[in-house]
Amino acid sequence: RAAAPERFTVQLVTAPETDAAWLENFLLRATELLGGTELYVYSWRVNGRQNYLVAAGNYESVQQASDAITRLPMPLKQYKPYPESIAMMRRHNAQD
């Protein structure tokens with residue numbers, strides 16, 4: 001299901017393609033920790049290298065996304081999550 005571009009999400013972590021096993025484990029753990037929160041995975045190339053970005057949630061405003069960060073479990077806060085617009089995430093994704 002596609003999120004509307006004017007909405008916001010919480011960017012949890014980014015990882016290079018070479019860390020695919022780590023990323024898979026992160027997704028499993030994040031799914032456990034976040035329960036029913038939707039996770040999104042975006043991909044994009046930087047300097048010819050494939051990278052992946054994991055985001056969580058779908059919020060009406062940047063403030064709601066920021067508030068969601070304060071409620072994240074500590075194991076996810078260690079990655080320094082931040083709010084990001086869905087439109088920006090899609091721009092990264094379109095660079096493939």
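**Figure 1. Overall course of the chain in the predicted model.** Read along the sequence, the chain follows the pattern β-α-β-β-α-α-β-α, with 4 helices and 4 strands in total; helices (H or I, at least four residues) and strands (E, at least two) are DSSP runs numbered from the N terminus. This is a predicted model, in which local features need pLDDT of at least 70 and side-chain atom pairs count only at pLDDT 80 or more, while totals for chains, interfaces and linings use all residues. Residues are numbered from 1 along each chain as its sequence is written, and side-chain values use heavy atoms, with hydrogens and water left out. The C-alpha atoms fill a box of roughly 35 × 30 × 25 Å along the principal axes. For 96 residues a compact globule would have a radius of gyration near 12 Å, and the 13 Å of this chain agrees with that (the radius is taken over C-alpha atoms, and the globule rule is 2.2 Å times the number of residues to the power 0.38). Residues 24 or more positions apart account for 69% of the contacts with a separation of 6 or more, where contact means heavy atoms within 4.5 Å.

Figure 2. The 4 strands form an open sheet in the order 2-3-1-4, with antiparallel pairing; two strands pair if DSSP finds at least two bridges between them. Strand 2 (39-46) and strand 4 (82-85) stand at the edges, each with a single partner strand, so one side of each is left without a neighbour in the sheet. From one strand to the next the twist averages 45 degrees (axes are lines fitted to C-alpha atoms, for helices over the stretch in contact, and angles run from 0 to 180 degrees between N-to-C directions). Strand 1 is joined to strand 4 by 4 bridges, and phenylalanine 8 stands opposite serine 85 in strand 4. Helix 1 packs on the sheet, touching strand 1, strand 2 and strand 3, and its direction makes about 150 degrees with that of strand 1. Helix 2 also packs on the sheet, where it touches strand 1, strand 3 and strand 4 at about 60 degrees to the direction of strand 1.

**Figure 3. Strand 3 and its two partners.** Valine 41 stands opposite valine 54 in strand 3. Strand 2 and strand 3 form a hairpin with 2 residues between them, and asparagine 47 in the turn has a positive phi of about 50 degrees. Arginine 49 lies in strand 3 and counts as exposed at 61% relative accessibility; its C-alpha atom is separated by 7.5 Å from that of glutamate 17, 32 residues apart along the chain.

**Figure 4. Glutamine 11 in strand 1.** Glutamine 11 lies in strand 1, stands opposite alanine 55 in strand 3, and counts as buried at 6% relative accessibility. Leaving aside neighbours within four places in sequence, glutamine 11 is in contact with Leu53, Val54, Ala55, Pro81, Tyr82, Glu84 and Met89.

**Figure 5. The nonpolar cores.** The largest nonpolar core has 16 residues, and those with the most contacts inside it are Val10, Leu12, Phe26, Leu34, Val54, Leu72 and Leu76; such a core is a set of buried Ala, Val, Leu, Ile, Met, Phe, Trp, Tyr and Cys residues joined through side-chain atoms within 4.5 Å. Strand 1 (8-16), helix 1 (20-34), strand 3 (49-59) and helix 2 (62-70) are the elements that give two or more residues to this core. A second, separate core of 8 residues includes Tyr40, Tyr42, Leu53 and Ala55.

**Figure 6. Aromatic rings around phenylalanine 26.** The structure holds 4 aromatic pairs; rings of Phe, Tyr and Trp (its six-membered ring) pair if their centres lie within 6.5 Å, and planes under 30 degrees apart count as stacked, over 60 as edge-to-face and the rest as tilted. Phenylalanine 26 and tyrosine 79 form an edge-to-face pair, at 5.3 Å centre to centre and 90 degrees between the planes. Phenylalanine 26 lies in helix 1 and tyrosine 79 in the loop between helix 3 (74-77) and strand 4, so the pair ties together parts that are 53 residues apart in sequence. Phenylalanine 26 is buried, with a relative accessible area of 5%, whereas tyrosine 79 is partly exposed at 31%. Ring pairs link Trp22, Phe26 and Tyr79 into a cluster.

Key
Buried < 20%, exposed > 50% of the residue type's maximum accessible area, 1.4 Å probe, protein only.
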